[in-house]
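Q: Hi! Could you walk me through this structure in plain words?

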Amino acid sequence: MTTTDTSITVRGACPHDCPDTCALLTTVENGRATKVQGNPAHALTDGVLCTKVARYTERTYHPERLLQPLKRVGPKGSGQFEPVGWDEALEAIAARLQTIAARDPQAVLPYSYAGTMGLVQSESIAARFFHQLGASLLDRTICASAGAEALTQTLGNKVGMKVEFFAESKLIVIWGSNSIGSNLHFWRIAQAAKRNGAKLVCIDPRRSETAEKCHEHIALRPGTDAALALAVMHELIVNAWLDQDYIDRYTLGWDALKARALQWSPERAAEVCGVPVEQIRQLARDWGTTQPAAIRLNYGMQRVRGGGNAVRAIACLPALTGAWRHRAGGLLLSSSGHFPVRRAALQRPDLMGERRPRTINMSTIGDDLLRPASPTFGPQIEALIVYNSNPVAVAPESGKVVQGFGREDLFTVVLEHFQTDTADYADFILPATTQLEHWDIHTSYGHTDVLLNRPAIAPVGGARTNTDIFRALAARMGFDDPCFAESDESLCRSAIGDADDYEQLLAHGFASLPVPDAPFAQGGFPTPSGRCEFFSQRLADQGLDGLPDHLPNYELATPGGRYPLAMISPPARNFLNSTFVNVQSLRDIEAEPVLEMHPEDAAQRGIADGAVVRVFNDRGTYHCKARVNQRARPGVVNGLGIWWRKLGLNGTNVNELTSQHLTDLGRAPVFYDCLVEVATCPN
Ligand SMILES: Nc1nc2c(c(=O)[nH]1)N[C@H]1C(S)=C(S)[C@@H](COP(=O)(O)OP(=O)(O)OC[C@H]3O[C@@H](n4cnc5c(=O)[nH]c(N)nc54)[C@H](O)[C@@H]3O)O[C@H]1N2
Ligand SMILES: Nc1nc2c(c(=O)[nH]1)N[C@H]1C(S)=C(S)[C@@H](COP(=O)(O)OP(=O)(O)OC[C@H]3O[C@@H](n4cnc5c(=O)[nH]c(N)nc54)[C@H](O)[C@@H]3O)O[C@H]1N2
Ligand code: SF4
Ligand SMILES: [Mo]
């Protein structure tokens with residue numbers, strides 16, 4: 001913290017679900033935050049923030065910020081509330097939870113995700129609270145679990161290249177990621193590489209902001225990445241572009257993978273992927289003949305049925321050419337496995353004692369809220385405590401989600417900054433602090449630095465930290481274990497590393513993990529075999545295919561089918577999932593919910609650019625504006641997300657159309673495996 005005569009500057013960390021985890025500097029004048037900037041001392045942030053967080057004060061002091069607890073007064077979902085005191089709200093919530101828990105605590109379900117990525121304000125006191133109660137456990141699958149499981153089965157953990165070394169790569173393949181929109185600081189590194197002569201290739205069905213700035217764009221059909229990766233392997237084999245020494249020493253299952261890859265000629269893959277065969281050959285030639293070569297894989301490509309297998313196939317490519325030998329070679333999907341987080345100390349699963357509560361998958365919350373009690377399911381869900389998430393907007397098949405949240409007999413508490421689509425369905429809404437108002441500690445999934453977030457300002461209005469709210473509830477429920485009294489600063493101190501590291505965080509705001517420059521130059525993968533596992537015995541033991549393969553999407557267009565268009569719904573650049581949709585200046589940039597369509601698909605349906613259209617399938621209907629342009633490839637429409645339903649054109653968003661199917665690995669949702677039809681909308 002630095003002080004001048006008129007203002008102080010406080011070091012923090014961006015809390016959002018973004019791989020960049022930027023270091024923040026907040027200027028505070030007379031107790032009010034006046035500016036949020038990137039910290040120039042943190043190399044990866046380099047003083048630069050995205051447009052969203054550069055406007056953080058607008059969000060923090062938003063006129064609609066929740067400032068006091070609210071109690072429902074109208075019918076469920078009507079959004080009618082009246083203010084109540086904290087004591088009244090906490091008493092009522094504790095009493096209701098106690099009544100339900102007396103029958104079966106598993107009827108209570110926490111629902112949270114990454115509204116904040118902070119280790120303290122996400123799963124620390126909250127997790128302790130639900131563990132002590134014996135509530136159902138939540139499988140947090142909504143974003144990354146297919147890729148995470150796939151990476152773990154192949155490389156051994158969520159580990160990979162250090163992001164800064166992409167600057168030295170000669171070939172960068174950006175695979176299933178719109179870096180400019182969702183990983184801005186990586187894009188800055190890729191630009192540095194480009195200036196040094198690197199070739200950039202983007203693999204994405206959408207001609208994204210990133211794709212149009214790369215040397216090559218491979219606009220494949222959604223869900224066909226494994227076929228592409230296998231065909232690249234085919235070419236590496238037939239052209240002898242392999243590092244056989246690396247394969248022999250540091251990999252497992254090459255003979256079997258080789259046999260599989262030889263079934264995937266570029267011609268066969270071209271047919272499946274819907275791209276020119278020469279583009280596949282060129283990708284293989286680039287990958288096979290350039291060093292150092294690196295893949296920036298991201299989660300966008302794993303939101304389909306075969307997402308896990310696709311990540312497995314792609315994660316094999318660096319080992320085949322020995323790319324890992326160089327610090328600027330290899331692959332990065334997530335770096336989160338590098339961080340030695342003391343999760344058990346933070347979350348205290350031991351508080352469950354002998355109890356083994358059931359686990360509910362957050363990605364099927366629609367179906368699960370509508371499920372009656374049964375011997376296989378257990379008790380009906382009677383209470384839901386939502387924090388750091390907006391499931392009514394972000395979970396798949398919203399029709400079901402809304403129906404579930406609309407159950408008059410369901411008791412719902414939502415901890416929030418704003419009255420989101422989810423908060424509309426609450427019985428009680430509790431106002432939570434933002435990152436400028438609380439302590440936290442942050443790891444990252446896009447780099448290998450730890451960051452400390454200090455509060456810059458006092459809580460706005462009557463807001464309280466998530467931790468404080470769960471501490472207060474614990475006290476009212478009679479949970480007297482001393483762990484419920486632990487302070488946020490103490491939690492920050494004990495979350496990662498040792499005391500010296502924490503002193504450095506206090507002094508500088510960030511610290512780098514001691515990760516080797518080229519972690520797998522000589523193998524040493526954290527798998528059971530210590531090798532890069534092309535073949536996974538662990539998967540085979542579960543009765544699954546031990547080798548990666550192409551699994552076609554659940555929803556594949558067929559000639560004459562009712563829903564001929566594949567819809568993907570990647571994020572709009574100026575929103576972060578559903579966060580920021582209510583910030584006027586950012587919503588003004590996005591203007592309105594849009595569906596990008598290729599001119600041929602639009603012409604066939606008589607749809608003009610700018611027309612309001614109806615996007616529909618058997619699950620529901622979504623109205624938005626058509627943007628007819630070349631960002632969409634033929635046969636694929638891009639419904640940019642994730643709008644608040646109530647700020648959309650007909651009170652729905654893209655998730656009205658998505659399904660609750662799950663991925664091959666990791667039980668994740670398949671947001672981008674979704675067929676629709678589009679028609680003009682009679683006004
Ligand atoms: N501005 C902004 N930044 C964000 C987010 C946000 O909402 N807005 N969200 C954050 C979160 S939660 C996450 S998980 C990360 C996600 O970060 P990324 O994984 O980089 O995700 P996206 O930017 O969504 O990019 C996904 C890209 O994948 C493409 N895609 C869709 N289907 C396929 C496919 O089958 N194959 C291939 N190859 N590509 C496909 C989409 O068109 C899109 O351009 O971004 C984070 N950063
Ligand atoms: N169709 C479609 N659906 C998708 C995706 C997609 O690409 N397409 N992406 C998916 C992905 S990758 C993800 S990660 C999920 C994201 O799903 P969520 O994690 O639910 O993300 P957000 O929509 O950003 O909602 C986070 C909420 O947490 C609140 N919040 C932030 N900080 C705090 C805090 O400190 N305390 C409390 N109490 N609340 C806080 C914010 O105000 C915000 O309303 O959505 C998924 N849904
Ligand atoms: S959202 Fe991402 S790019 Fe924007 S400030 Fe946060 S970490 Fe940085
Ligand atoms: Mo995500």
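A: Happy to. One term to begin with: a polar contact is a pair of N or O atoms within 3.5 Å; within protein, one must be able to donate a hydrogen and the other to accept it, and residues adjacent in sequence count only if both atoms are side-chain atoms. The side chains of H185 and D20 are joined by such a contact, at 2.6 Å.

Q: Before we go on, what kind of model is this?

A: This is a predicted model, in which local features need pLDDT of at least 70, side-chain atom pairs count only at pLDDT 80 or more, and totals for chains, interfaces and linings use all residues. Residues are numbered from 1 along each chain as its sequence is written, chains are lettered from A and ligands numbered from 1 in the order in which they are written, and side-chain values use heavy atoms, with hydrogens and water left out.

Q: Thanks! Back to H185: where does it lie?

A: H185 lies in helix 7, residues 184-195. Helices here are DSSP runs of H or I with at least four residues, strands are runs of E with at least two, and both are numbered from the N terminus.

Q: Is H185 buried or exposed?

A: H185 is buried, because its relative accessible area is 6%. Buried means under 20% relative accessible area, exposed over 50%, and partly exposed in between, using a 1.4 Å probe and protein chains only.

Q: Which residues is H185 in contact with?

A: Leaving aside neighbours within four places in sequence, H185 is in contact with D20, C22, L44, T45 and V48. Contact means heavy atoms within 4.5 Å. With T45, a polar atom of the H185 side chain lies 3.4 Å from the backbone oxygen.

Q: Which residues are around ligand 3?

A: H185 again, along with C14, C18, D20, T21, C22, L49, C50, V53 and L576. A residue counts as near a molecule or strand if one of its heavy atoms lies within 4 Å of it. By class, this shell has seven nonpolar, two polar and one charged residues. Ala, Val, Leu, Ile, Met, Phe, Trp, Tyr, Cys and Pro count as nonpolar, Asp, Glu, Lys and Arg as charged, and the others, Gly among them, as polar.

Q: And how many residues surround ligand 1?

A: There are 34, and the closest are S177, S182, D204, F575 and N577. A polar side-chain atom of S182 is 2.6 Å from an oxygen atom of ligand 1, while a backbone N or O atom of I203 is 3.1 Å from a nitrogen atom of ligand 1. Taken alone, ligand 1 exposes 900 Å², and the protein buries 98% of that. Those areas come from the Shrake-Rupley method with a 1.4 Å probe; for residues, only the protein chains shown count as cover.

Q: Which residues come nearest to ligand 2?

A: Of the 31 residues around ligand 2, those are S389, E416, S578, T579 and Y672. An N or O atom in the side chain of T579 is 2.5 Å from an oxygen atom of ligand 2, and a polar side-chain atom of S389 is 2.8 Å from an oxygen atom of ligand 2. Alone, ligand 2 exposes 920 Å², of which the protein buries 97%.

Q: New topic! How many residues has the largest nonpolar core?

A: It has 122 residues, and W175 and L317 have the most contacts inside it. Helix 8 (residues 225-238) gives the most to this core, with ten residues. A nonpolar core is a set of buried Ala, Val, Leu, Ile, Met, Phe, Trp, Tyr and Cys residues joined through side-chain atoms within 4.5 Å. There is also a second, separate core of 53 residues, which includes I100, A126, A135 and C492.

Q: What is L317 in contact with?

A: Setting aside neighbours within four places in sequence, L317 is in contact with W175, A229, V232, M233, L236, W287 and I295.

Q: Where is there a cis peptide bond?

A: One joins Q291 and P292, with omega about -10°. P292 is in the loop between helix 12 (277-289) and strand 13 (293-297). Another cis bond runs from G641 to I642, with omega near -20°.

Q: Why mention those?

A: Because most peptide bonds are trans, and most residues other than glycine have a negative phi. On the phi side, F580 has a positive value near 85°. F580 is also buried, with a relative accessible area of 1%.
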